[in-house]
Amino acid sequence: MSDDFGEDTKVSGLPEEPASIGGRDRAYLIVLVGQSVGEMHRLSKETTVLGRSNLVDIQLIDDGVSRKHAELELRDGEIVLRDLGSRNGTFCNGERIGERVLKDGDKLQVGSTTILKFTFSDALDESFQQQLYDSALRDGLTKAFNKRYLAERLEQEFRFAKRHRSALSLLMIDVDHFKQINDRYGHLAGDYVLATIGERLGSTIRNEDVLARYGGEEFAILCRGVDLRGAGLFAERLRKLVEGHAFAAGGESMRVTVSIGVALMAVDRMTEPAQLIELADDALYQAKREGRNRVVTALELQKTQP
């Protein structure tokens, strides 16, 4: 999670050009190790809270991170890191701290695997770092995360759900008759359809959900804390969202629909993430066999089996 600020936004109270860093006057945390390696988080608020909860300013998916783990406070022109009574502690340059004034280049460790770098950067640094992050983790056409990132997050979320015995749902989404779209309207029209669907899905999901392009015309959405009924209702909303969108190519309207398979992680029976993917895939293929443009949940799939 990160806030979206204008290009001219500066950290209130910081010197215009802090000594030793020239014009690099914007404070950031950069993820070095852990979820979303390379992601930059601008520290533009008076207080920024880090933790595992989806209600904090910077969410870190790591089993060793507390719900509200630490905070960074702007104080007298400096950034102060303070532990919030976390279970596993907050470390700066390898030393466990209660409170510490940060310096450019400091390495922060929270949880079992997450390492962050505190740094000052300028607009050019930010743009370059964002491009690196996007190229490594996002699909260039749809702007959704790529399959590699999905696999990493699924592994993390699977372990989290196992440990906390919480719900984890997966939606597999396939564009119906996509080859026919390419054959009739051309590959540029096919790209337009995929990019539009990626944008529509991305604008609908929660911050804690993960939308990824799984391959070709297939997308996946990982939903933490959502049971099978809730995931099924969400999938139906997405199906209607795509069906109701006015797609057009060359002045000709196109009817575009999706089929969606929905599965819930079985905490007691599943031992690896591949089992959840397989279950969602089975539900997706059932939706396609039943005529496409529909949602099938794994529970419904079980009911249809002999």
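Two strands count as paired if DSSP finds at least two bridges between them, and the strands themselves (E, at least two residues), like the helices (H or I, at least four residues), are DSSP runs numbered from the N terminus. The model on your screen is predicted, so local features need pLDDT of at least 70 and side-chain atom pairs count only at pLDDT 80 or more, while totals for chains, interfaces and linings use all residues. Residues are numbered from 1 along each chain as its sequence is written, and side-chain values use heavy atoms, with hydrogens and water left out.

**Stop one: strands E3 to E6**

Begin by selecting strand E5 (residues 70-75) and strand E6 (residues 78-83), which pair in the antiparallel sense over six bridges. Within this pairing, Glu73 stands opposite Val80 in E6. The two strands form a hairpin with two residues between them, and Asp76 in the turn has a positive phi of about 55°.

**Stop two: the five-stranded sheet**

Next, select the five strands that form an open sheet in the order E13-E14-E12-E17-E18, in which the pairing is mixed. Its edge strands, each of which pairs on one side only, are E13 (210-215) and E18 (295-297). From one strand to the next the twist averages 20°, where axes are lines fitted to C-alpha atoms, for helices over the stretch in contact, and angles run from 0 to 180 degrees between N-to-C directions.

Looking at one end of this sheet, you will see that E17 (residues 258-264) and E18 pair in the parallel sense over three bridges, with Ile260 opposite Val295 in E18. Then show helix H6 (residues 273-289), which lies across E12 (168-175), E13, E14 (218-224), E17 and E18, running at about 145° to E17; contact here means heavy atoms within 4.5 Å.

**Stop three: aromatic rings**

Finally, display the side chains of Phe, Tyr and Trp, whose rings (the six-membered one for Trp) pair if their centres lie within 6.5 Å, with planes under 30 degrees apart counted as stacked, over 60 as edge-to-face and the rest as tilted. How many aromatic pairs does this rule give? The count comes to three. One of them is the stacked pair of Phe145 and Tyr149, at 4.0 Å centre to centre and with 20° between the planes; Phe145 is buried at 12% relative accessibility, and Tyr149 is buried at 2%. Another is the edge-to-face pair of Tyr192 and Phe247, at 6.1 Å and 75°. Because Tyr192 lies in helix H4 (residues 187-202) and Phe247 in strand E15 (residues 247-249), this pair ties together parts that are 55 residues apart in sequence. Tyr192 is partly exposed at 30%, whereas Phe247 is buried at 2%.

How values were computed: Buried means under 20% relative accessible area, exposed over 50%, partly exposed in between (1.4 Å probe, protein chains only).
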